[in-house]
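Student: I'd like a close look at a single part of this model, please. Could you walk me through it as one connected story and give the cut-offs behind your terms?

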Amino acid sequence: MHLSRRSLLAGTASLALAPGVARAAGGQKILELTSHVIEVGGKPATRYAVSQPSGAWGLTLDEGETFDVRLENKLEVLSGLHWHGLNPPWRQDGVPYISAPPIAPGKSVDYKFPAQPSGTRWMHSHFGLQEQSLLAGPLIVRETSAIKNGMQEAVILLQDFSWTKASMLFEELRKSKPAMSMAGGGMNMSGGSMDGMKPDLNDVTYDAFLANDRTLADPQVFDVEKGADIRLRIINGSASTNFLIDLGAIEGTVVTVDGNPVAPLKVQQFPVAVAQRVDIIVRMPADGKTVPVLARGEGRTLQTGVVLRPPGAAVPKILETAQGSAPAITLMDEMKLRAVQPLASRPIDRSVPVDLIGNMASYTWGLEVNGMAGAPVTVAKGERVELVMRNTTMMSHPMHLHGPSFQVTEINGQSFPGALRDTVLVTPRSTVKVVLDADNPGLWAFHCHNLYHMEAGMFTTMVYRGFT
């Protein structure tokens, strides 16, 4: 498994993983849900994985291909995968008990739909707490433009790791806590003013952060050419950690977020919230030095990353703890993003208020739609819909809508033609507006992508009236 992950950097032909894609009769591809052993802190850990029968990691397709996949559950538990960022028919979305039942051990399910939109997507379990057990993988639909330019690419999947079982982590979070000790937590504003309170950046204190299943004690090293341009496809596949991507002394160019093109933005650091993705093009130094690409956990000194190494360059020792904590992620960078292909201009047919609510003391989280807790967002096919997400808590919430991508249009009263996304971070006590076109009838999940917030109730659905 590690050998296949170390070869993720490739040119046009090899990144498509064509030699490693297992195909059933008729060209169908095979993905397996399995277990494997990784090493963390010098000790072995058995965790879940998504791989092909050849051992190749994840799945890469080309723009215009059909997503024709048989998913085989080789685990001993119920499971499945959600194709995060793709827009399939709702029955093939991979959300247990909403789009279809979970897949029983030893069983398989076939999926077939256009692999669109293209870009950096990913796939992960939507069952139980399996994301915390690393049941996720990259899902790349390579853009025709990326295939033609032949630029080298590195796929980087970020995850958070704990030696404690996810069920025990959640049980500990749900234990009652004295309200007075939770001043920094995500308390409901109904209890009074929260002026002077500080945001709570993390629910879980993780033992390690991983990049492609590895820590900085033994990071993945991508072999690249001196002075070459490299496209980083970075996926935040963590359960509940926002990351700050840090390129150190070099500058990169953001070209997509959540797989969707944006106007080029020069950065040395860039935030990636839970479930978000960013493609950054970096130019290797002419002096032939290595370039570490680090991901620093929000509010933590703990970090992970990979290394880009030109021929003959030494790989430096990089500590797993930074000198200082990464800052809280804000929406300043979000407000700089501009969609290359924004939604067509048209009036809004339906504006839906969605309040993000929670109480850190009892660890309950939820969504109020039109003032009603747990109510669905109801739309009609063909409508232009605006979601007005108001965060009443002191924690950030990466809000993900299944089905269509949406465009960020306003943050805290400031309007702008922002990025097309499928996941947007709503920071403490902020209001974020997004718009979408209701063009894919069905029953779609709408939730916070912090695994423990979702499990504790921050989950609802978008329902199309009259769908079958």
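Tutor: The second largest pocket of this predicted model has a volume of about 340 Å³. A pocket is an open set of points on a 1 Å grid over the protein atoms alone, with protein on both sides within 12 Å along at least five of seven lines, and lining residues have an atom within 4 Å of a point. The volume is the space filled by probe spheres set on the points, which are joined across faces, edges and corners. In all, 17 residues line this pocket, and Arg 47, Tyr 48, Ser 133, Lys 165 and Ala 166 are the closest to its centre. Strand 2, residues 43–51, contributes the most to the lining, with 3 residues; strands (E, at least two residues) and helices (H or I, at least four) are DSSP runs numbered from the N terminus. Sorted by class, the lining holds 6 nonpolar, 8 polar and 3 charged residues. Asp, Glu, Lys and Arg count as charged, Ala, Val, Leu, Ile, Met, Phe, Trp, Tyr, Cys and Pro as nonpolar, and the others, Gly among them, as polar.

Two quick notes on reading the model. Residues are numbered from 1 along each chain as its sequence is written, and side-chain values use heavy atoms, leaving out hydrogens and water. Local features need pLDDT of at least 70 and side-chain atom pairs 80 or more, while totals for chains, interfaces and linings use all residues.

Now to Gln 132, which has Ala 166 among its contacts. Gln 132 is found in the loop between strand 7 (119–124) and strand 8 (136–142). Its relative accessible area is 4%, so Gln 132 is buried (under 20%; over 50% is exposed and in between is partly exposed, with a 1.4 Å probe and protein chains only). The side chain of Gln 132 makes a polar contact of 2.7 Å with that of Tyr 206. That term means N or O atoms within 3.5 Å; within protein, one must be able to donate a hydrogen and the other to accept it, and residues adjacent in sequence count only if both atoms are side-chain atoms.

For comparison, the largest pocket has a volume of about 610 Å³. Its lining has 24 residues, with Pro 117, Asn 260, Pro 261, Gln 341 and Leu 420 the closest to the centre. Helix 3 (144–149), strand 14 (252–257) and strand 15 (260–267) each give two or more residues to this lining, which divides into 9 nonpolar, 10 polar and 5 charged residues. Pro 117 sits in the loop between strand 6 (108–114) and strand 7, and the peptide bond from Gln 116 to Pro 117 is cis, with omega near 0 degrees. Most peptide bonds are trans.

Finally, a word on confidence. The protein has a mean pLDDT (the predictor's confidence in each residue, from 0 to 100) of 91, and 89% of its residues reach 70 or more. Residues 1–23 stay under 50, and the model has 64 contacts for them beyond four places in sequence. Residues 180–196 are also below 50, with 39 contacts beyond near neighbours in sequence.

Notes
Contact means heavy atoms within 4.5 Å. On a 1 Å grid over the protein atoms alone, a cavity is a set of points where a 1.4 Å probe fits but cannot get out, and a pocket is an open set with protein on both sides within 12 Å along at least five of seven lines; lining residues have an atom within 4 Å of a point.
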